[in-house]
Structures are given as structure tokens and as C-alpha cells.
Amino acid sequence: MVLLGTVTLCCAIVAGTLALFEPVVGPPPERQVADRGPIEIAAPEAVRVIGAPFVPNVNPRQR
């Protein structure tokens, strides 16, 4: 437990130090904006089904 605590403390100190002195180089990132183009949802692509299609069992007594 002492070894685990020591390693955790050392890693936290190193990570905190690196986070404080992280260099900020270059301009800030630009704001990302979603593309406002039209979305075609009327033509879905065909999907190949292998095996029997899934049918949920809504009546547990019937198999």
C-alpha cells in the first residue's frame, strides 16, 4: 500500500507539473462548425441479411 501510494503521488506531481507548464504554441484552434449541406435520407442502401431475420418473441408460451 505504501508503494502504491508513493507511485500515485509521484505520478500526480509529475502530471500536475506538466499541466502547469504546458506550452501554448500558435493561434487558438478555430471554432468547428457543422456542415449545413442537405442530408439525403430518402434513399437507404440495401443491406444483406445472412440467416433468418430476427422476430421478437412477444408471447413467451409460444416457441
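## Basis of the model

This is a predicted model, in which local features need pLDDT of at least 70 and side-chain atom pairs count only at pLDDT 80 or more, while totals for chains, interfaces and linings use all residues. Residues are numbered from 1 along each chain as its sequence is written, and side-chain values use heavy atoms, with hydrogens and water left out.

## Cysteines

A disulfide is a covalent bond between the sulfur atoms of two cysteines. Here it is taken as a pair of cysteine sulfur atoms within 2.5 Å, and by this rule the count is 0 disulfides. C11 is likewise in no disulfide, its nearest cysteine sulfur being that of C10, 6.9 Å away.

C10 is partly exposed at a relative accessible area of 44%, and C11 is partly exposed at 49%. The classes are buried (under 20% relative accessible area), exposed (over 50%) and partly exposed (in between), with a 1.4 Å probe and protein chains only.

## Overall form

The chain has 1 helix and 0 strands. Both are DSSP runs numbered from the N terminus: helices are H or I with at least four residues, and strands are E with at least two. The helix, α1, spans 2-20.

The radius of gyration of the chain is 28 Å, whereas a compact globule of 63 residues would have one near 11 Å. That radius is taken over C-alpha atoms, and the globule rule is 2.2 Å times the number of residues to the power 0.38. Along the principal axes, the C-alpha atoms fill a box of roughly 60 × 45 × 20 Å.

## Surface and charge

Of the 63 residues, 0% count as buried. The accessible surface of the chain is about 7300 Å², with 65% of it belonging to carbon and sulfur atoms. Accessible areas come from the Shrake-Rupley method with a 1.4 Å probe, and for residues only the protein chains shown count as cover.

The chain carries 5 positive and 5 negative charges, and their mean positions are 23 Å apart. Lys and Arg count as positive and Asp and Glu as negative, with His and the chain ends not counted. Each charge is placed at NZ of Lys, CZ of Arg, CG of Asp or CD of Glu.

## Residues in helix α1

T6 lies in helix α1 and is partly exposed, at 41% relative accessibility.

V7 and A43 are 36 residues apart in sequence, and their C-alpha atoms are 57 Å apart in space.

## Residues after helix α1

V33 is in the segment after α1 and is exposed, with a relative accessible area of 62%. The C-alpha atoms of V33 and L4 are separated by 44 Å, at 29 residues apart along the chain.

R61 is found in the segment after α1 as well, and is exposed at 84%. R61 and P29 are 32 residues apart in sequence and 60 Å apart from C-alpha to C-alpha.
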